[in-house]
Amino acid sequence: MQTKFISAKLDRLSSPLLVIFALDSAEKKQTKPAVKLLTTGGPLAKATAPILNSGEYAAGSCETVLLHQPDGFKAERILLVGVAKLTAAEVRKAAGAAVRFAKPRKLRELTIAIPEGLDTLAATKAVVEGAYIGDFDSDTYRSDRKDQSIEQLSVVAGNGANPAAIEAGVQEGVILGEAQNFARALINEPGNVMTPTVLGQKAAEMCRQYGLQCEVYGADKIKELKMGAFWGVAKGSEEPPALIVMTYEPKKAPASPVLGLVGKGITFDTGGISIKPADGMEKMKYDMAGGAAMIGAMQAIAQLKPAVKVIGIVCATENMPSGSAMKPGDVLIAMSGKSIEVVNTDAEGRLVLADGLAYARQLGATHLIDAATLTGACVVALGQVNAGCFTNDEDAYRHFTGAAEISGERFWRLPLEDDYKDQIKSSIADIMNTGVNRYGGATNAAMFLKEFAEDTPWIHLDIAGLAWSDDAKPWMAKGPSGIAMRTITEWVRSYAK
Ligand code: BES
Ligand code: ZN
Ligand code: ZN
């Protein structure tokens, strides 16, 4: 998709599809919807008066109405798209809905008017991100697949708008939207294609393209580093594991902070010897979504160029049952020296992350963030609206909430208090990889990781409920969401401000 900014009067603009956002500003008691257009300018009120006066269109969130050959406009069509509130998050969704409206109608070009009443850069960025997110489709292996991608996205604003803010918004929006779709494409691939080796190749290719350092290590290095927890999972698979290390180190970066991004890269999770039920197991190809979020974030960081050093680590392996697989009851010695009793081989994500976090610290990370499709318990707790977030440091969390505010992605903090530690006490080793019972499973997993973050400020994101969407949304196809990648990127940027 090509993206550009046009400064023009709306009615003078030639476009097959001009998109205008609209806000439902009706009082609850009113019988007729009162719709406020978020872009003003002469003939627009006249062209939209019939539909708005009809009461047929209420501008609900992502609600669309199409006007052909609008009176007084050069554009062939005007599409009104509703927003529930005047926020960047709503605008992002509405832009996605506009793109998803255009795609099946064979419209390959659209122009979106930047809404008024929001910060210009933030509004433009949200529009562009939303459009990119909306453009992604996950049906890549269907032989009757039609490529419905948008070829040209334009954003338009009148003379009053600040062109520098719009240009910056377009640039950031493209970077973030492309990186999110890159992460989604990695997640979408089936486990037989996206093996740890291939994930390593994709990361290395991205790093080469955007000028990042990248090392992809195999089993020998994992053993040499004494990553006993990571290796415990990896040794059960015929597919070689990959320890992916991506480094962004700009000349202007201070010695501290150094940010460590650690992703769970289980390219397929069968559960191992504690094997999962067959029902729904096919979904476990997305168990590398945390790792993909980190690879996507590194791509965005390489282009946004914040003045801070960032190390991205993905621990990639399959979790398989086999003659060489770890067994319940086995004891693993992690890189940090801690001993772990493996009670359930399906709690493998925390094992690979334990060594990923320790390695990030060894490489000099002063602040850590991890993302992982870690627990079903987190999905039970928060559903598919908020991802879970945990932290051992209030300042890192303050940076994180600021980042999520910008990205519009939703996280809900869950507890991580020492009282929960009893849950993971083992009688044979330092800790065990599950809780003594099923209660508080998302926190138990986070408590386990906390042992490996040690005293380093750290954020843990459990994205199990949001990494994959079973249903299509008006603004987004079903399938991989790319959740957390934009928030992680904004979290990194917040340390360079
Ligand atoms: N990859 C799963 C978690 C998961 C569940 C991701 C649902 C996406 C959707 C993880 O490795 C796992 O199996 N966790 C277990 C932990 C348990 C054995 C303590 C779980 O949540 O059941
Ligand atoms: Zn598992
Ligand atoms: Zn898993």
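## Metal donors and site geometry

Donors are N, O and S atoms within 2.8 Å of the metal (3.2 Å for Na, K and Ca), and sites may look incomplete because water is not among the atoms. Four donors count as tetrahedral if all angles lie between 85 and 135 degrees; four count as square planar and six as octahedral if opposite donors are over 155 degrees apart and all others between 65 and 115; anything else is irregular.

This is a predicted model, in which local features need pLDDT of at least 70 and side-chain atom pairs count only at pLDDT 80 or more. Residues are numbered from 1 along each chain as its sequence is written, and side-chain values use heavy atoms, without hydrogens and water.

E348 is buried at 0%.

## Zinc ion (ligand 3)

K264 (NZ), D269 (OD), D287 (OD) and E348 (OE) coordinate the zinc ion (ligand 3) at 2.0 to 2.4 Å. This site is octahedral, with angles of 77 to 173° among six donor atoms.

D269 bridges the zinc ion (ligand 3) and the zinc ion (ligand 2), which lie 3.2 Å apart. D269 is buried at 3% relative accessibility, and D287 is buried at 2%.

Conventions: Chains lettered and ligands numbered in written order. Buried < 20%, exposed > 50% of the residue type's maximum accessible area, 1.4 Å probe, protein only.
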